[in-house]
Amino acid sequence: MGPPPPDTWARWFDSLAPSNIDWCEANYAISPYVAEFWNAMSSVPMTLVAFYGLYMSWRHMRYEPRWGMAWFLLGIVGVGSALFHATLKHAFQACDELPMLYCNLVFIYLMLEEKSAGRSPPWRVKAANLRPPRKRWLAPLLIASGVVQTVCYFLYPHVYELFLVSYVSVVAWLTIESVRRAWFAPDSTPLTRTLVKLALMFYLGGAALWIFENAVCGVKGEMGGGWWMQAAHLHAFWHAGACMGTYHFIEFCAARRGAALFGAENVSAGGGAMFMPLYVVHHQEEGRTTGERKRR
Ligand SMILES: [Zn+2]
């Protein structure tokens, strides 16, 4: 008998550079094929929530490409995060962290363009409230910023702080700006306040667990905090918090956009019962929304 055929898949996998972080969860404890099983599994719901958000935005809102971009990238973060935690390889770490940075760029767009006129103003648009879109420079600037972040990411693959600073600085701005718009802006509404409250509760709650775990375990955290930290799976709870925090943030942007297009009186919330999260409804023409119109 000759030698066994070369296992090219395994060799390719072994040749990949390791990630520059190793979370607290014990590696290969549950499955010999999945490095951090619970961290990987807890990433999957993010993609499902993104599908839910995308469907609801198509069904109940004036659908615009910006919602597709936001939900699509959130879905990609879920897939990237699952791959990263399952492999702990730098190539897949990039599949997680780069979409997180791109998501933030889309969120900046959502915030800055919430009151811009669309290409085809819908029925009952309060055009006086809308300003000309910044399409000449905003999208190119955000894309250029994404390219620069991507290049730096691969130029300095060992500098985890580079990702952390780019990510956290934008999140901080988004947080401050949403709080300002939800509580201190003249056009704030109870719905936008509720959505920002939920976004902050989920996101900051998850972030607190993430920070606590990192403080105890470090970013090369294998066994850093002992078995009890490994058993706590705080990083998996961070995934859940970040997912639902981001979900409610996008819905907050949708509520603000609906108010700009149709007036705050034509924006309401659906869901909210049992495990069904709140979603935003734009009443565009006598209670009918995009999906309902199309089905007729
Ligand atoms: Zn993670």
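Colleague: In which hand, left-handed or right-handed, does α3 pass α10?

Modeller: α3 passes α10 in a right-handed crossing. A crossing is called right-handed if the near helix is turned clockwise from the far one by less than a right angle, and left-handed if it is turned anticlockwise. Before the details, two points on reading the model. This is a predicted model, in which local features need pLDDT of at least 70 and side-chain atom pairs count only at pLDDT 80 or more, while totals for chains, interfaces and linings use all residues. Residues are numbered from 1 along each chain as its sequence is written.

The chain holds 11 helices and 2 strands. In sequence order the pattern is α-α-α-α-α-α-α-α-α-α-β-β-α.

Now the pair itself. α3 (44-60) and α10 (234-262) pack at an angle of about 15 degrees, with their axes 10 Å apart. The axes are lines fitted to C-alpha atoms, for helices over the stretch in contact, and the angles run from 0 to 180 degrees between N-to-C directions. The two helices are therefore roughly parallel to each other. For that wording, angles under 35 degrees count as roughly parallel, over 145 as roughly antiparallel, 65 to 115 as roughly perpendicular and the rest as oblique. On the α3 side, the residues that meet α10 are P45, M46, V49, G53 and S57. Their counterparts in α10 are H239, C243, Y247, I250 and A254. Contact here requires C-beta atoms, placed from the backbone, to lie within 7 Å.

The axes of α8 and α10 come within 7 Å and cross at roughly 155 degrees. These two are therefore roughly antiparallel to each other, and α8 passes α10 in a left-handed crossing.

H233 is buried, with 20 other C-beta atoms within 10 Å. The cut-off for buried is 20 or more other C-beta atoms within 10 Å of the residue's own; 12 or fewer is exposed, and in between is partly exposed, with C-beta atoms placed from the backbone. By that count, 35% of the 296 residues of the chain are buried.

A nonpolar core is a set of buried Ala, Val, Leu, Ile, Met, Phe, Trp, Tyr and Cys residues joined through C-beta atoms within 7 Å. The largest one has 49 residues, of which A70, L73, L74, C103, V106 and A255 touch the most other members. Two or more residues each come from α3, α4 (65-87), α5, α7, α8, α10 and β2 (279-282). The most are given by α10, with 16 residues. In soluble globular proteins, nonpolar side chains tend to be buried together.

W67 is found in α4 and counts as buried, with 22 C-beta neighbours inside 10 Å. Leaving aside residues up to four places away in sequence, W67 touches S57 and M61; S57 is one of the α3 residues that meet α10. The C-alpha atoms of W67 and E251 are separated by 9.7 Å, although the two are 184 residues apart along the chain.

Further along, L73 touches P99, Y102, C103 and V106, again not counting residues up to four places away in sequence. I76, also in α4, is buried, with 20 other C-beta atoms within 10 Å. I76 and P99 are 23 residues apart in sequence and 6.6 Å apart in space, C-alpha to C-alpha. Just after α4, L88 takes a positive phi of about 50 degrees. L88 lies in the loop between α4 and α5 and is buried, with 23 other C-beta atoms within 10 Å.

Notes: Contact = placed C-beta atoms within 7 Å. Helix = DSSP H or I, 4+ residues; strand = E, 2+ residues; numbered from the N terminus.
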